Amino acid sequence: MPSLEIVPADTGRALRRFIDVPYRLHRERPHFVPPLRREHRDLFDKGRHPFFLHAEAAFFLAQRDGQPVGRIEAIVNHAHNRFHDDRVGFFGAFESENDRAVSDALLASAARWLSQHGMRVMRGPVTHSTNEECGLLVDGFEEPPMIGMPYNPPFYPSLLEAFGLTKVKDLYAWEVRASQAIPDKIHRVAEIVRKRTNVVVRLVNFGDYTSEIRRAMSVYNASWTRNWGFVPLTEAEFVHVAERLRPLLERFPEGALLAEVGGRPIGFCLAVLDANQALARVRDGRLFPFGLWTLYRGLRRVDQVRVMALGIRPEFRHSGIDALIYLELLSRGQRLGYRRAEISWTLEDNRTMNRAIRMGGRHHKTYRLYDLPLTSLSPCH
């Protein structure tokens, strides 16, 4: 009978095999978009990624007869637990064959490690936190994910639920098509805001990118501070994300907007080209020898964007400034000929935001976060 083993994968050959798992398991799946291997390696580099300055993690690799068949990351995010005053541990980077023996063994390994580190709940999947890829796709398997959104085959939810994980929160992705007229209400609200306030919506100045990053970060951390599951980004993390996205932002500068009142940043919007349209053609995630040309050529044909963030400082909410930013973004995208956008993600119970998006958008994907009380672990786990 084939033997299954779970081994630590934090260094050396085991880590390289850990990184290779999604390419190995999903390369034949039509909606899998292989991440660039260089970026995927950096994501799990504890010596370079700024997330690990305030977090601990363990990587586990599942092998059957020496061949990788799954992986998982167990995470103690000290920043999360300080901010929320709780003991929630996380799991992420989850990949598995359609085999409960594999998924159960991986989830049990992560749960044991988290329990040993004093955590009372295991939540996920998130890689590494809610500021990175998070959630498991449970509805909307008909198309590939947009940039920065996770991919998983349809059988993953059953594997997690069979282990005893239960839903804690759903995240919504919304589709907005350029062919749809921008709702009259958004035009009316935006016009009122222009007449009654001195708010200015402008493009990010890439010639002063470092300062612009700090302005955007101040709005980001203030805007989401009360959101469920939110953890403020450190400056190092924000700079890391901003530098990684910069090449895409410079190809679509109209997607990076700041709203200011008297020179003070009070809102911002971040929309980037969906590089996944181009990456889908780089099937193994390698840029050399031919992937770089394939990616470059593919980026020129991208016709959709992902709205990754739209935030307003709490004291300026319900003033219509969000409608003004939304109108500016949609109008610019339509003028440039982009076919569609995805706004992702929003919390299922963020009724104000979801109601506003629903005026011109369609809820087309659902991602789910799960919880498992670690005190409920049975001896077999």
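A cavity is a set of points, on a 1 Å grid over the protein atoms alone, where a 1.4 Å probe fits but cannot get out, and its lining residues have an atom within 4 Å of a point. The model here is predicted, with local features needing pLDDT of at least 70, side-chain atom pairs counting only at pLDDT 80 or more, and totals for linings using all residues. Residues are numbered from 1 along each chain as its sequence is written, and side-chain values use heavy atoms, without hydrogens and water.

**Exercise 1.** Find the residues that line the second largest cavity.

*Solution.* 
- Start at Asn77, His80 and Phe90, which belong to this lining.
- Sort them by class: 3 are nonpolar, 5 are polar and none is charged.

**Exercise 2.** Work out whether the length of helix H6 (residues 184-196) agrees with its residue count.

*Solution.* 
- Helices are DSSP runs of H or I with at least four residues, numbered from the N terminus.
- The expected span is 1.5 Å times one less than the number of residues.
- For the 13 residues of H6 that gives 18 Å, and the end C-alpha atoms are 18 Å apart, so the two agree.

**Exercise 3.** Locate the buried side of H6.

*Solution.* 
- Pick out Ile186, Ala190 and Val193, the buried residues of H6 (buried means under 20% relative accessible area with a 1.4 Å probe, protein chains only; exposed means over 50%).
- Looking down the axis, these buried residues fall within an arc of 60 degrees, so they line one face of H6.
- Turn to the face away from the buried side, where Asp184, Arg188, Lys195 and Arg196 are exposed.

Terms used. On a 1 Å grid over the protein atoms alone, a cavity is a set of points where a 1.4 Å probe fits but cannot get out, and a pocket is an open set with protein on both sides within 12 Å along at least five of seven lines; lining residues have an atom within 4 Å of a point. Ala, Val, Leu, Ile, Met, Phe, Trp, Tyr, Cys and Pro count as nonpolar, Asp, Glu, Lys and Arg as charged, and the others, Gly among them, as polar. Helices (H or I, at least four residues) and strands (E, at least two) are DSSP runs, numbered from the N terminus. The arc is that of the directions from the helix axis to the C-beta atoms.
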